[in-house]
Amino acid sequence: MIQQCVLCPKSCIIKPGQTGECLIRANIDGNLTALTYGYPCSVHVDPVEKKPLFHFHPGKSILSIATAGCNLHCKNCQNWEISQANPEDIKAYHLPPEKLPSVAKYYGCELIAYTYTEPLIFYEYTLDTSINAAKIGLKNVLVTAGYLNREPLRQLYRYISAANIDLKAFSEKFYRDNCGATLKPVLDGMILAKSMGVMVEITNLIIPALNDSEKEIKLLSKWIKENLGPETPLHFSRFSPHYRMKNLGVTPAETLEKARQTALSEGLYYVYTGNMLSKEGENTYCHKCSTILIERRGYRILKNKIAVTPSGTAVCPVCETEVYGEWI
Ligand code: SF4
């Protein structure tokens with residue numbers, strides 16, 4: 001029997017024996033099944049800063065997993081060898097949701113990230129693992145493009161502590177032309193995540209000539225401030241040529257610095273630059289008195305001066321302004 005997948009806005013109609021556009025959701029004898037359930041192709045231990053998450057348990061290690069497949073087809077994908085692959089073409093491990101939390105513990109990780117490709121389309125694997133991990137006190141993290149329908153997102157976010165959500169640009173045209181997706185569901189999903197208590201950070205990869213105009217950076221920053229709050233951390237990340245976008249050059253450092261200044265001027269508290277070393281763009285500053293709270297180089301923390309009040313609130317040690325995030 002033909003089935004329609006209702007997981008993401010693509011709403012694929014899938015004939016028996018075929019898969020949807022993400023290549024991992026298949027119609028097997030009339031039932032929709034995720035082919036990669038329990039079979040991650042990437043399993044690594046990373047610093048949490050690499051996700052990037054700068055306001056969530058700084059300095060901790062995070063077990064990071066991915067399966068093949070993605071519902072987006074970004075021309076600049078860094079992980080296209082696994083995100084755009086058929087699962088049967090990719091080597092995978094057998095790590096069912098019952099086992100993964102103990103693997104995290106074995107490697108000394110209190111955090112698990114569903115990342116690298118698109119964790120929302122290996123949905124059942126992410127959900128079941130998250131439930132098992134939460135039961136033994138581990139924290140779950142999504143690194144995602146955030147392109148999913150509301151109801152499955154709502155179910156999943158109950159078990160997710162933090163998410164870095166890609167905001168690839170602030171135009172429907174960019175999403176359509178470069179990702180094969182649309183912007184609106186991503187924005188709606190971000191609002192949902194924040195409203196459900198997920199600690200949200202946002203990454204915007206700046207690509208020369210495609211999404212780097214001051215006008216677009218202003219609109220994006222304004223939207224974040226008004227809809228998610230000025231405390232929402234924003235990472236501007238440096239593009240380098242990959243996959244089907246080798247015709248463009250690396251993003252100039254000045255473009256990223258300028259974007260950071262623009263977003264700060266629009267009223268965002270915590271704005272970072274990434275994928276390059278920077279004097280100021282990797283540090284966390286108090287948004288009230290400008291004291292350096294965390295000094296970083298790459299993924300390393302050089303100093304962490306955040307103070308914690310007796311009630312457990314993270315604050316600036318100088319002016320005692322609260323710092324957004326989950327720190328202990
Ligand atoms: S999750 Fe995959 S199969 Fe389902 S609608 Fe999206 S692209 Fe299609």
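Me: Two strands pair if DSSP finds at least two bridges between them. With that settled, which residue takes a positive phi in the hairpin of S14 and S15?

Reply: Gly298 does, with a phi near 60°, and this hairpin has two residues between its strands. Strands here are DSSP runs of E with at least two residues, helices are runs of H or I with at least four residues, and both are numbered from the N terminus. The model is a predicted one, in which local features need pLDDT of at least 70 and side-chain atom pairs count only at pLDDT 80 or more, while totals for chains, interfaces and linings use all residues. Residue numbers start from 1 along each chain as its sequence is written.

Me: How many bridges join S14 to S15?

Reply: Four bridges join S14 to strand S15 (residues 300-304), and the two run antiparallel. Within this pair, Ile294 stands opposite Asn304 in S15.

Me: And what about the hairpin of S13 and S14: which residue takes a positive phi there?

Reply: Ser290 takes a positive phi near 70° in that hairpin, which has six residues between the strands. Strand S13 (residues 284-285) pairs with strand S14 (residues 292-297) over two bridges in the antiparallel sense. Thr284 is opposite Ile294 in S14.

Me: In what order do these three strands form a sheet?

Reply: The order is S13-S14-S15, in an open sheet with antiparallel pairing. S13 and S15 are the edge strands, each pairing on one side only.

Me: Moving on, what is the order of the eight strands in the other open sheet?

Reply: The order is S5-S6-S7-S8-S9-S10-S11-S12, and the pairing is mixed. Strand S5 (42-47) and strand S12 (271-274) each have a single partner strand, so one side of each lacks a neighbour in the sheet. On average, neighbouring strands of this sheet are turned by 20° against each other, direction ignored.

Me: Do S10 and S11 run parallel or antiparallel?

Reply: They run parallel: five bridges join strand S10 (residues 199-206) to strand S11 (residues 234-238). Thr203 stands opposite His235 in S11.

Me: Where is the cis peptide bond?

Reply: Lys51 and Pro52 are joined by a cis peptide bond with an omega of about -10°. Pro52 is in the loop between S5 and strand S6 (61-66). In general, most peptide bonds are trans, and most residues other than glycine have a negative phi. Asn275, which is not a glycine, has a positive phi of about 70°. That residue, Asn275, is in the loop between S12 and S13.

Me: Next, the helices. At what angle do H3 and H4 pack?

Reply: Helix H3 (residues 123-135) and helix H4 (residues 150-157) pack at about 25°, with their axes 10 Å apart. Axes are lines fitted to C-alpha atoms, for helices over the stretch in contact, and angles run from 0 to 180 degrees between N-to-C directions. H3 and H4 are therefore roughly parallel to each other, a label given to angles under 35 degrees.

Me: Which residues in H3 and H4 meet?

Reply: Tyr123, Thr126, Leu127 and Ser130 in H3 meet Pro152, Gln155 and Leu156 in H4. Contact requires C-beta atoms, placed from the backbone, to lie within 7 Å.

Me: Which domains is the protein divided into?

Reply: Domain 1 covers 36-282 and domain 2 covers 283-328, with bounds from an automatic or database domain assignment. Their centres, taken over C-alpha atoms, are separated by 23 Å. In domain 1, 18 residues are in contact with 13 residues of domain 2.

Me: Finally, which residues are around the ligand?

Reply: They are Cys5, Leu7, Cys8, Lys10, Ser11, Cys12, Gly20, Glu21, Cys22, Arg25, Asn71 and Ile121. Each has its C-beta atom, placed from the backbone, within 6 Å of the ligand.

Conventions: Two residues are in contact if their C-beta atoms, placed from the backbone, lie within 7 Å. Angles under 35 degrees count as roughly parallel, over 145 as roughly antiparallel, 65 to 115 as roughly perpendicular and the rest as oblique.
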